[in-house]
Amino acid sequence: MAHIERPRAVVESDERYDGRIFPAERAELDRPVRISRGASGEGSVYGSDVELSEGATVEGSVMAADSVELDGGHVTGEIGTPGRALATDGRVDGTVTGKRVRLTD
């Protein structure tokens, strides 16, 4: 079951989360977001750091205050961060922007 809390947001393995993960109040701005292996989300995601594990998908934009990391994940939308964006064996159907961007395979 997804754990969308003030200090963090986690979508567990093989789970589907319908809705966006965006801060609703100031205390949630620094919340890290992790989409676990095989999980999926429909809607945009925002967090301080956003991680997508192998087989995880997001149908929407992914924005992060510090960094975005795709380890075999798939994003159908834009990725943006003022920090670093790393993708290893991942797929992005959209634009990737960041201060440091590394896309591998």
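Predicted model: local features only at pLDDT ≥ 70, side-chain atom pairs only at ≥ 80, totals over all residues.
Two strands pair if DSSP finds at least two bridges between them. Strands here are DSSP runs of E with at least two residues, numbered from the N terminus. Residues are numbered from 1 along each chain as its sequence is written, and side-chain values use heavy atoms, with hydrogens and water left out.

**Stop one: S6 and its partners.** Select residues 45-52, strand S6, and then residues 62-71, strand S8: seven bridges pair them in the parallel sense. Click on Tyr46 and look across to Met63 in S8, which stands opposite.

**Stop two: the core.** Which residues touch the most other members of the largest nonpolar core? Select Ile35, Leu52 and Val62, out of 18 residues in that core. A nonpolar core is a set of buried Ala, Val, Leu, Ile, Met, Phe, Trp, Tyr and Cys residues joined through side-chain atoms within 4.5 Å; buried means under 20% relative accessible area (1.4 Å probe, protein chains only). S8 gives the largest share, four residues.

**Stop three: an open sheet.** Find the five strands in the order S3-S5-S7-S9-S12, paired in parallel. Its edge strands, S3 (16-18) and S12 (91-92), each pair on one side only.

Technical notes: Buried < 20%, exposed > 50% of the residue type's maximum accessible area, 1.4 Å probe, protein only.
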